[in-house]
Amino acid sequence: MGKGSGDGKISGIKSSAVKPTDIAKQVAETESVSEVGEVAGVQAASAVGGAGSAGAIGRRRPTRTMSLEEREQLFKMVQEEADRLFGQTGLSDSRKRHVTEAVRMAIDAGLIPEDGKEGAKDAEGKKK
Amino acid sequence: MTHSPVLSEEEIESLVHQNHGWAESIARSVARAWNMDWQLDGLDGAAMEALLFCVRRFDPSRGVPFRAYARKRIHEASSDAARKTHSWQRGMAGTQADGRAREISAELLNVFPELRSGELPIFEEGGEDDLRGSIRNLLMGANIIAARMDGSEKSAEEAMDTKRTVEVMANLDLVHQLLLWRVYWEGLSMRGVADDWGTDELNIIREHKALLTFLHKSISRGKVSQVPKVRPGLKTISLKVKREGQKAPFSQLLRGATP
């Protein structure tokens, strides 16, 4: 019977080879899903905390903190959105100019250097 | 009326020392935005006065950091000082167009006070679309302020601009027209309107945002968009003002009547 029990050996090998592979696959899948989930969760939480709760204690208005570094980017957005708004309205160029400049000024007036540090080129008040 | 300081004299001195440069940077930002000189135009003195005022009233036990407590007040003091200068009143700082833009921006800071704290008012979602949505609302708010200012001007072009904006606002529900009227024409804060109407400020803020979005869509597309419904938070007020027989101010303005 010794070697005659070859079928048993073969099936034994098959079953022992399949099980570990299945287990390994499951582990790999679980790890990759959990990694992605963790990263996405952290990004969303920090974004919300920075924009709303930390900077606006006791306030309920949802806000987003602006920084002096993004000044030019914000101005560009103001110009783009103004172009879209006034593109087909029939409102005058002077109205467009006043409104666009007013929004830029209002945003600019609220932008101060981090921690009140001096020396930022854009932070200097201009002489008329 | 005097107010006893919560902090000791040493603590007050230390807080002033720590925040002196920071308060000056607020005055400089206001001056930069309006093309003024922060020292010659006296914004530095106003900012320092406001800093001292805030330091003497600051109570750390309330759990609000000093700068979060003081920033808006120092900003207001600086911008108020700027508006009182001769150069502002005579429109000398920059061109005439700059002068009008400055006037509009100063009022915009009152409608959106979070700008004074370096924050943009946003919707709840976040992201760049939201940032752009916020900028669109600021543009529309500025357009309404300009419409009110231009209403008293003689230029035919400006009068037509105002008429176009008022025509769109005249499509709104009575309570919505009253909300915009009180904020933009009467100069009430949103909290002031909420207090007057006995409702939560957040109801007014949300409704205001929805109205600006409607106005933006309607004006940018050149046709009146779907008129926003009155939200549950303002239903009671809406019924009340109708029962009282209050008139829709922008509809009246279009008819040439005084609201």
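## Domains of chain B

Domain bounds, as used here, come from an automatic or database domain assignment. For chain B that assignment gives domain 1, covering 9-94, and domain 2, covering 128-254. The centres of domain 1 of chain B and domain 2 of chain B, taken over C-alpha atoms, are separated by 32 Å.

## Model and confidence

The structure described is a predicted model. For the complex, the predictor gives an ipTM of 0.91 and a pTM of 0.77.

Chain B has a mean pLDDT of 89, with 92% of its residues at 70 or more. Within chain B, confidence is highest in helix H8 (residues 174-185), at a mean of 97, and lowest in helix H4 (residues 86-89), at 81.

## Overall architecture

Chain B contains 12 helices and one strand. Along the sequence these elements follow the order α-α-α-α-α-β-α-α-α-α-α-α-α. The C-alpha trace of chain B spans about 60 × 45 × 40 Å along its principal axes. Of the 259 residues in chain B, 42% count as buried. Among its contacts between residues at least 6 apart in sequence, 64% join residues at least 24 apart.

Chain A has three helices and one strand, which run α-β-α-α from the N terminus on. Buried residues account for 24% of the 128 residues in chain A. Of the chain A contacts between residues at least 6 apart in sequence, 48% join residues at least 24 apart.

## The nonpolar core

The largest nonpolar core comprises 82 residues. The residues with the most contacts inside this core are A:Val103, A:Ala106, B:Ala47, B:Leu108 and B:Ala142. Helix H6 (residues 128-150) of chain B gives the most to the core, with 10 residues.

B:Leu108 has contacts in both chains. Leaving aside neighbours within four places in sequence, B:Leu108 is in contact with A:Ala102, A:Val103 and A:Ala106 in chain A, and with B:Leu138, B:Gly141, B:Ala142 and B:Ile145 in chain B.

H3(A) is mostly covered, with 14 of its 17 residues buried.

## Helix H7 of chain B

Helix H7 of chain B (residues 156-169) has 14 residues. From its first C-alpha to its last it reaches 20 Å, close to the 20 Å expected at 1.5 Å a residue. The buried residues of H7(B) are B:Glu158, B:Asp161, B:Thr162, B:Thr165, B:Val168 and B:Met169. Viewed down the axis of H7(B), these buried residues fall within an arc of 125°, so they line one face of the helix. In general, an α-helix has 3.6 residues a turn, so residues three or four places apart point the same way.

## Helix H3 of chain B and B:Ala81

H3(B) has 19 residues and reaches 27 Å from its first C-alpha to its last, close to the 27 Å expected at 1.5 Å a residue. Its buried residues include B:Ala70, B:Arg71, B:Ile74, B:His75 and B:Ala77. B:Ser78, B:Ser79, B:Ala81 and B:Ala82 are also buried in this helix.

B:Ala81 lies in helix H3 (residues 66-84) of chain B. B:Ala81 counts as buried because it has 24 C-beta neighbours inside 10 Å, where the cut-off for a buried residue is 20 or more. Apart from neighbours within four places in sequence, B:Ala81 is in contact with B:Gly42, B:Leu43 and B:Ala46. B:Ala81 and B:Trp38 are 43 residues apart along the chain, and their C-alpha atoms are separated by 10.0 Å.

## Two further positions in chain B

B:Asn35 is located in the loop between helix H1 (9-33) and helix H2 (43-57) of chain B. Although B:Asn35 is not a glycine, it has a positive phi of about 55°. B:Asn35 is partly exposed, with 18 other C-beta atoms within 10 Å.

B:Arg243 belongs to helix H11 (residues 232-243) of chain B. B:Arg243 is exposed because 8 other C-beta atoms lie within 10 Å, and a residue with 12 or fewer counts as exposed. B:Arg243 and B:Gly198 are 45 residues apart in sequence and 16 Å apart in space, C-alpha to C-alpha.

Key: Residues are numbered from 1 along each chain as its sequence is written. Chains are lettered from A and ligands numbered from 1 in the order in which they are written. This is a predicted model: local features need pLDDT of at least 70, side-chain atom pairs count only at pLDDT 80 or more; totals for chains, interfaces and linings use all residues. Helices (H or I, at least four residues) and strands (E, at least two) are DSSP runs, numbered from the N terminus. Two residues are in contact if their C-beta atoms, placed from the backbone, lie within 7 Å. pLDDT is the predictor's confidence in each residue, from 0 to 100. The expected span of a helix is 1.5 Å times one less than its number of residues. The arc is that of the directions from the helix axis to the C-beta atoms. A nonpolar core is a set of buried Ala, Val, Leu, Ile, Met, Phe, Trp, Tyr and Cys residues joined through C-beta atoms within 7 Å.
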